[in-house]
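Please look through the sequence and the structure shown here before reading on. The report below then goes through a few parts of the fold, one after another.

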Amino acid sequence: MNILSSYTSIMMNRRGVLSSIGSMLILTLMWMFNFNPTMAQKAQIQPASNVKEPSILETYIVHVKLPERQVFSAPEDVTKRYQSFFPASAESSDEPTSRVVHSYRNVVSGFAARLSPEEVKAMEKVDGFVSARPQRVLQLHTTHSPRFLGLQKKSLGFWSRSDYGKGMIIGVLDTGITPDHPSFSDEGMPPPPAKWKGKCEFKGAACNNKLIGARNFVSGTTGPPVDEDGHGTHTSSTASGNFVENANVFGEANGTAVGIAPLSHLAIYRVCSESGCTEADILAAMDAAVEDGVDILSLSLGGGSTPFYQDSIAAGAFGAMKKGIFVSCSAGNEGPFHASLSNEAPWILTVGASTIDRSIRSTAVLGNREEYEGESLFQPSDFPSTLLPLFYAGTNQTDAANCVPGSLNTTDVKGKVVLCMRGAGIERIAKGQTVKDAGGAAMILMNQKQDGFSTIADAHVLPAAHVSYAAGVRIKEYIKSAATPKAAILFKGTIIGSKSAPMVTSFSSRGPSVASPGILKPDIIGPGVSILAAWDVSVENKTDTISTFNIISGTSMSCPHLSGVAALIKSSHPDWSPAAIKSAIMTTAYRRNLNGKPIFDERLRPANIFATGSGHVDPSKANSPGLIYDLKPDDYIPYLCGLNYTDKDIGLITSQTVNCSEVLIIPEAQLNYPSFSIALGSADQTYTRTVTNVGRANSTYESAVAAPPGVNVTLNPAALRFSEKKKEMTYQVTFSRLATIPNASFVQGILSWTSTDHRHTVSSPISVKFV
């Protein structure tokens, strides 16, 4: 499986000097991981001895159906049942090794094993066999961001009302953790709740009342879940890190680092290594987390769109949701292209990435005195502000223009500022290393057209300024027109207060959903650009501190922000279902930036609904939404049948027997979801929604519709009157195509219910595709 939680920032030289390119973390780093035995215990299944064991094996995820009336009193009993599916082996030895990687018993029924196609074929004949498929490998996809979200350390406000997430357990599936980092101190932390059943694989006192569990599920590895690349440390501290004062990187973004739910507990499940994140390991960790007793699952990883019955994260998340566990996942870093999402299932919160109002400014100054604002985390105080020769290889030398490693070695760039193009599969920091290796003094990194105005503050290895595509075009024009082009880099440090924030960043994956076009995705956007959080080593090569931080970007960073928000809401409303929490987050989101204008995308144009989903998260309002759209696990069955999945397919997702012929099948848009996504032809379409009053007992909500262009939207009733809390009311919404429609494939609008006391506005975005 490829985990779509890639970073947008690269760290050079994790253990050495910054000048060495070493083990650098990539901007869109796709983490691919392998899993280790879970609670979901590692099954010790021994091959029998009458068939020759094949030499070429692949890890398969095998789904089976267990006898409905049979009770398994211990995990070993389930393992013995799974043994009956395993084919015999011709070659025996005194110490035969098991080929079973994981055994599952909480989120799905089945196991992962190294098998040949022939063995899988033989398994199909065993009673209770459901399916088997090769596992996929997935890809990996904050100091100021809590304040930007309106979370502040004061007696009033959402943090205080939710008790900072106290009592909640956030399970993070990632690359592990750095347990001695001060972000994971248990100062001020209560002991874990009595329901906690997990364990800590670190020796000594590494685990505490903050870090209550830590397990390694990477197949083929042993030892505790030590984070060796930083990603898991970063995401964990973003969701739940304790307060750490004077956090900064290179002196920039200085402040108090803290997670979104700082009094929540952390349970860490290492599922990713240098070789990736495998489905088998991810599913094993989810299976264990459910049994351990987590409240929230945070997965900053994923793969490309696939049917839900072939998606282990979707299946594992469904099993977790059935146990009341909220699942938050990154949307992916494949933007700005449409239909590029991961983690699209409606029982998952799919999170896109946006900017915050902080930038770490570096400015490119040209010989003609024009200045272009950019960003860079590395801002050396001793770099001269004098103009230096400016070099660009030109479009005829593609590798050199893209600063591919080694491409400048035969070019005279010594002491010069080099203009590099972003992209071409080369990480941003690696381009600077190419310039530095060739003797260059500084780099101007310009965006590709698709990235527009989205710039990122990276820990570059030399003085640099990452500028927009528009600025890059002007710089290239200057180089072409000037006899002796020159440039300088000026550093302006940390600047807070950008009124264009939040803005959807270019890399954030976009809808529409491929797996289920009738469900609007992503669900929400949150901070994911240039986020400061804990890191496993010092990017500044400091050896005298364990208080190490880094600034990176990706939907990997936005996901744990929302995981933390979900923990705060669940702490405040422990009886709410995962669907209720998701509804609260979505219906209270905002769609305007700090300047009061529509949220922009990377082009500085209003972002469309497939970039923003419901909008940007507003934690305080999400805690008091007024109305919620709730769903029970069985409510998804008619929806899944409506996707034309077979009964067997749906059984793979739900781990239960389903007969769609006995189900009142519904279209996707009929699911009681907090948004609408429909394909509209000449015939009218009517859908119902049921809302539950979680606000004041006696309350009235009046409707307002900003209809999509070319569409008429009518509501019945037009007002909802409640006389008690927890009362449900149902309304109908009818979409009609007008005689004249715009020349556009998709149009968008919004439906809102506002309480007459103006305390609550409950909004649902609408996407319409004309067919």
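A residue is called buried when its relative accessible area is under 20%, exposed when that area is over 50%, and partly exposed in between. The structure discussed with these words is a predicted model.

**A pair of rings and its surroundings**

Under this cut-off Y645 is buried, since its relative accessible area is 11%, whereas Y309, with 22%, is partly exposed. The model has 16 aromatic pairs in total. In one of them, the rings of Y309 and Y645 have centres 4.9 Å apart and planes at 90 degrees, so this pair is edge-to-face. Y309 belongs to the loop between β16 (301–302) and α7 (312–322), and Y645 to the loop between α15 (636–642) and α16 (647–654), so the pair ties together parts that are 336 residues apart in sequence. Both rings are also members of one aromatic cluster, which is formed by F308, Y309, F318, W347, Y636 and Y645.

| Residue | Relative accessible area | Class |
|---|---|---|
| Y309 | 22% | partly exposed |
| Y645 | 11% | buried |
| A459 | 1% | buried |
| S354 | 0% | buried |

In which order do the four strands of the open sheet lie? The order is β4-β5-β3-β6, and the pairing is antiparallel. Because β4 (100–104) and β6 (129–134) stand at the edges with a single partner strand each, one side of each is left without a neighbour in the sheet. On average, and with direction ignored, neighbouring strands of this sheet are turned by 20 degrees against each other. Within the sheet, strand β3 (residues 58–64) and strand β5 (residues 110–115) run antiparallel and are joined by six bridges, and Y60 stands opposite A113 in β5.

Helix α1 (residues 75–83) has P75, V78, T79 and Y82 among its buried residues. These four cover an arc of only 100 degrees around the axis, which puts them on the same side of α1. An α-helix has 3.6 residues a turn, so residues three or four places apart point the same way. The buried residues of α1 pack against β3, β4 and β5.

**A covered strand and its parallel partner**

Strand β9 (residues 211–216) is mostly covered, with six of its six residues buried. β9 runs parallel to strand β12 (residues 265–270), and five bridges join the two; N216 has R270 as its bridge partner in β12.

Helix α5 (residues 231–240) packs against helix α11 (residues 555–572) at an angle of about 35 degrees, and their axes are 7 Å apart. The crossing of α5 with α11 is right-handed. On the side of α5 the contact is made by H231, H234, T235, T238 and A239, and on the side of α11 by S556, M557, P560, H561 and G564.

A459 is placed in the loop between β23 (442–446) and β24 (464–467), and its C-alpha atom is separated by 7.7 Å from that of I551, although the two residues are 92 residues apart along the chain. S354, in turn, is found in strand β18 (residues 349–354). When its neighbours within four places in sequence are left aside, S354 is in contact with residues including P502, M503, V504, T505, I525 and H616.

Note on methods:
Residues numbered from 1 in each chain as written. Predicted model: local features only at pLDDT ≥ 70, side-chain atom pairs only at ≥ 80, totals over all residues. Heavy atoms only, no water. Pairing = 2+ DSSP bridges. Axes fitted to C-alpha atoms, helices over the stretch in contact; angles between N-to-C directions. Buried < 20%, exposed > 50% of the residue type's maximum accessible area, 1.4 Å probe, protein only. Arc of directions from axis to C-beta. Contact = heavy atoms within 4.5 Å. Phe/Tyr/Trp six-rings, centres within 6.5 Å; stacked < 30°, edge-to-face > 60°. Left-handed = near helix turned anticlockwise from the far one by under 90°.
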